[in-house]
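Open the model in your viewer and keep the selection tool handy. We will go from stop to stop together.

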Amino acid sequence: MPAAISKAAAIVGAAEANEIGYSKTPKTSLQLHIEAIKNVSEQTGIPISRIDGVFSAGWSSELAEHLGLHPKYIDTTSVGGCSFEMHVHHALCAIHAGVIDVALVSHGESGWSARANRGRGTGGMRGAGDPWSPGNQMTMAYGFSGAPSNYSHAMTRHNYRYGTTPEDFANIAVVTRQWAGLNPRAVMHSKETHPEGGPISVETVQNSRMISWPLTLLHVCLVTDHGGAVLITSPEIARSLKTKPVWIAGAGENMSHSNMIEMGDFTATSAAASAAAAYKMAGMGPEDMEMAMIYDSFTVTAGITAEMLGLAPRGEGFRLWKDGHAAPGGRLPINTNGGGLSFNHSGMYGMQLLVEAYRQLSGTAEDGGFSGLPGKQTKARSCVVNGTGGSLSTTGTLVLVSD
Amino acid sequence: MPYDKPIPDPSPHTKPFWDGAKEGKLMLPRCTNCNRVHWYPRLICPFCHARELEWIEGSGEGRIHTFAVQHRAMGAWANETPFVTAYIDLNEGDRMATVLRGVDPNKPETIKIGAKVKVEFEPANEDVHIPFWRVVE
């Protein structure tokens, strides 16, 4: 049976910045935020002035000030790419408790512009590692350089424990590219959008440049610009709007570690716990999910998370892709926008998951979006959304359903 | 040639570890309440939350838990690619990160999870000797 808080709030709109991907002119993260916020306000008809809760990964006070808001609820949870799923969870709680009526969850991150124009863009996360942190001291000497250099260790362990292969996981990149082929907004949609775009095979993935063995380049997500925003309101307000509500039936969050040195099981994440909480709140289970949006920072992230969400047995998550179930026309569409692997990944991808889940469940996936370009609509009426942050560290899970 | 890769900055909290490293000893924090060794060094036992912690000299032995071969790296590590990073299960319990020695990064299939490793220390400067682990079987 669903908990009392289940469906106490709905996502009523989800929009992106005016330009995402590889921006033609350098964008700042703030600019990407503001464009998306303006767009979601216009989409829903909710004036920005009506927002009374601001949720973002580290930006909330600056955003509220920029917008001239005096919010009653300020949340800057910033624990990696899953922060946005957690923001939705927190907003659901705040609305259910009667503290606020309209929550803004916002994301702006010039991952591409920052790289292409040194110093001109700004990253999405705030704060730097303390060199005196004992965890940092005991890992900084060993040449780890960013997420790919860590996540590769999880693939090695999964291969060892379950007899899987990098080729098994390469299927995830292949199928995700098929979805990108149906979404003209995806960076890797076709040769027109990117010289390396268009369909790929397991061989293409395996023969791409080695980054961190066993991960080759095409096992790794993109680095792009993105801005996105969603608005969440009470059922009463949601019913009064021109947009369709997508109900937050369940939400949960958890973490297993921060520093990968503390990851107990390299083949599992806290998504098992965050999903259990979300399913319990919703009174639903993995068998009720008609699609899934799973953070695919790397192929191995998506494969392992599918297992954690109960969509496949342990050690067999990759089969959803390899056997075609997750592909266009399959029984359980996964990452219908083309994923972080082939659509867009700005550094923290949790907002992209939310925007696509809203588009699918509100039946607007084939609307133009920010650029006037349609995506591919599925028939799904329920979706499990899972963000993963840090080094397979933190997770936020949502169960979203349409009317 | 001077050591040109990132060098940890010992804090008062971790000084016993780095002092031991200079003498070739792998010092590990242990809780005197539950007797469990933990890594990295805490200000409170992560298992039982007692604050009565001591330093013991570890065996310097362990096994490979998992590994990866880095073909891209930043700073001076970029000059050493490909190299093999690993997480080591310590004989005393809990886990350490390292760069593996005694392995061929171009033949990852010859590197075995579960293989025995021993610690060795490389002087980075006068105060900091960095532990690395070598495959010994």
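Predicted model: local features only at pLDDT ≥ 70, side-chain atom pairs only at ≥ 80, totals over all residues.

Residues are numbered from 1 along each chain as its sequence is written, and chains are lettered from A and ligands numbered from 1 in the order in which they are written.

**Stop 1: two helices**

Select residues 147-162 of chain A, helix 6, and residues 299-308, helix 11 of chain A. Helices (H or I, at least four residues) and strands (E, at least two) are DSSP runs, numbered from the N terminus. The two axes come within 9 Å and cross at roughly 55°; they are lines fitted to C-alpha atoms over the stretch in contact, with angles from 0 to 180 degrees between N-to-C directions.

Now show the side chains that make the contact: A:Tyr151, A:Ala154, A:Met155 and A:His158 on helix 6 of chain A, facing A:Val300, A:Thr301 and A:Ile304 on helix 11 of chain A. Contact here requires C-beta atoms, placed from the backbone, within 7 Å.

How many residues of helix 11 of chain A are buried? The count is 10 of 10, where buried requires 20 or more other C-beta atoms within 10 Å of a residue's own, with C-beta atoms placed from the backbone. Just after helix 11 of chain A, stop at A:Gly310, with its positive phi of about 80°.

**Stop 2: a strand and its partners**

Next, pick strand 8 of chain A, residues 246-255; 8 of its 10 residues are buried, so the rest of the structure largely encloses it. Strand 11 (residues 394-402) of chain A runs antiparallel to strand 8 of chain A, joined by 9 bridges; pairing takes at least two DSSP bridges. Zoom in on A:Gly252 and its bridge partner A:Thr397. Strand 1 (residues 10-16) of chain A also pairs antiparallel with strand 8 of chain A, over 2 bridges, and A:Ala10 stands opposite A:Trp247.

**Stop 3: across to chain B**

Finally, colour by chain. The contact takes 30 residues from chain B and 25 from chain A. On the chain B side, strand 3 (61-70) is one of the contributing elements, and its 5 residues are the largest share. Strand 3 of chain B pairs antiparallel with strand 5 (residues 210-213) of chain A over 2 bridges. Finish at A:Ser212, opposite B:Gln70.

Methods
Contact = placed C-beta atoms within 7 Å. Buried ≥ 20, exposed ≤ 12 C-beta atoms within 10 Å, placed from the backbone.
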